[in-house]
Amino acid sequence: MKVSVSFLSSKNIPNDLKKLDNTDADYIHVDVMDGHFVRNKTMPFSEMKNIHKYTSKRLEVHLMVDEPEKYIPLYAELNTEYIIIHLELDKDIKSLLEMIKRYSIKVGLSIKPNTPISALVPYLPLIDEVLVMSVEPGEGGQSFIENTPNRINEIRDLLNEYNLKVIINVDGGINGNTVKKCYNCDIVTSGSYIINSDDFQEKISSLR
Ligand code: DX5
Ligand code: ZN
């Protein structure tokens with residue numbers, strides 16, 4: 001299992017990113033919130049650009065914003081492996097996915113807990129990763145929604161059925177217990193479980 005670490009709950013981001021650089025975390029998960037798509041708002045890009053210097057890890061950028069087209073060109077400048085947009089946007093999703101691809105960055109699509117899995121189907125051949133939300137997007141430290149494993153398994157079945165290689169990642173409330181239910185994932189994203197502990201590596205190892 002690969003592990004992506006969200007620093008959303010961090011109270012000292014430069015310090016925590018430096019500490020994460022000494023772990024075997026696979027990715028740094030960057031949560032971007034605009035105060036519209038979700039109620040909370042994260043730091044402006046100018047600040048993020050400074051902060052990302054504290055990590056040498058590849059970034060996975062989770063855009064919880066109404067206007068991804070404004071953020072894609074900015075985050076494409078950083079050491080970014082994936083840019084993830086939301087399926088629920090009232091926009092032309094395919095052209096947003098194509099925009100990400102034009103920067104030679106891998107494409108992710110995230111699905112909120114109440115969106116039917118069937119809504120993903122038209123996009124599965126076009127993406128590299130599905131980010132399954134196991135909490136309502138918007139804040140760290142929430143509890144894992146219990147029917148998420150069924151949704152993950154449903155996506156795994158669809159990928160097998162269509163013979164598609166798409167990475168499955170799960171985001172929200174992941175800890176040493178909930179991770180066991182996510183055995184059909186390739187990556188797990190975890191925030192507060194790691195960031196609020198005093199041994200990052202131990203927590204990361206417990207997720208693998
Ligand atoms: C929620 C974010 C998550 C979150 C993960 O909106 O997308 O990435 O910060 O944090 P934990 O692991 O604390 O739920
Ligand atoms: Zn996230």
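In this predicted model, helix α5 is followed by Asn163, a residue with a positive phi near 55°. Asn163 is placed in the loop between α5 and β7. With a relative accessible area of 71%, Asn163 is exposed, because the cut-off for that class is over 50%. Ser104 gives a second example: its phi is positive, about 55°, although Ser104 is not a glycine. Ser104 is found in the loop between α4 and β5, and its relative accessible area of 69% makes Ser104 exposed.

Helix α5 itself covers residues 148-162 and has 15 residues. From its first C-alpha to its last, α5 reaches 21 Å, close to the 21 Å expected at 1.5 Å a residue. Its buried residues are Thr148, Pro149, Arg151, Ile152, Asn153, Ile155, Arg156, Leu158 and Leu159. These buried residues pack against three strands, namely β5 (106-111), β6 (129-133) and β7 (167-171).

Helix α4 (residues 93-102) has a buried set made up of Ile93, Leu96, Leu97, Met99 and Ile100. These residues lie on the same side of α4, because they cover an arc of only 155° around the axis. Such a pattern can be read from helix geometry: an α-helix has 3.6 residues a turn, so residues three or four places apart point the same way. The buried residues of α4 are covered by elements including α3, β4 and β5.

In helix α7 (residues 200-207), the buried residues are Phe200, Ile204 and Leu207. They too share one side of their helix, because the arc they cover around the axis is only 55°. Among the elements that cover the buried residues of α7 are β1 (2-6), α1 (13-21), β8 (187-190) and α6 (192-195). Ser190 lies in strand β8. Its relative accessibility is 1%, so Ser190 counts as buried, the limit being under 20%. Apart from neighbours within four places in sequence, Ser190 is in contact with Ser4, Val5, Ser6, Ile174 and Leu207.

The zinc ion (ligand 2) has four protein residues as donors: His29 through NE2, Asp31 through OD, His62 through ND1 and Asp171 through OD. These donors lie 2.1 to 2.3 Å from the zinc ion. Along the chain, the donors follow the spacing H-x1-D-x30-H-x108-D. His29 belongs to strand β2 (residues 27-33) and Asp171 to strand β7, so this pair ties together parts that are 142 residues apart in sequence. Both His29 and Asp171 are buried.

The structure holds two aromatic pairs. Tyr27 and Tyr82 form an edge-to-face pair, with 5.8 Å from centre to centre and 80° between the planes. This pair links distant parts of the chain, since Tyr27 lies in strand β2 and Tyr82 in strand β4 (residues 80-86), 55 residues apart. Tyr27 and Tyr82 are buried. Phe45 and Tyr75 form an aromatic pair that is also edge-to-face, at 4.9 Å centre to centre and with 75° between the planes. Here the distant parts that are linked are helices: Phe45 is in α2 (residues 45-51) and Tyr75 in α3 (residues 68-75), 30 residues apart. Phe45 and Tyr75 are both buried.

Phe45 has a further contact in Leu78, a residue that also touches Lys49, His52 and Leu59, not counting residues up to four places away in sequence. Leu78 lies in the loop between α3 and β4. Despite this loop position, Leu78 is buried, with a relative accessible area of 9%. The C-alpha atoms of Leu78 and Lys91 are separated by 25 Å, and the two residues are 13 residues apart along the chain.

Technical notes. Residues numbered from 1 in each chain as written. Chains lettered and ligands numbered in written order. Predicted model: local features only at pLDDT ≥ 70, side-chain atom pairs only at ≥ 80, totals over all residues. Heavy atoms only, no water. Helix = DSSP H or I, 4+ residues; strand = E, 2+ residues; numbered from the N terminus. Expected span 1.5 Å × (residues − 1). Buried < 20%, exposed > 50% of the residue type's maximum accessible area, 1.4 Å probe, protein only. Contact = heavy atoms within 4.5 Å. Donors = N, O, S within 2.8 Å, 3.2 Å for Na, K, Ca; no water. Arc of directions from axis to C-beta. Phe/Tyr/Trp six-rings, centres within 6.5 Å; stacked < 30°, edge-to-face > 60°.
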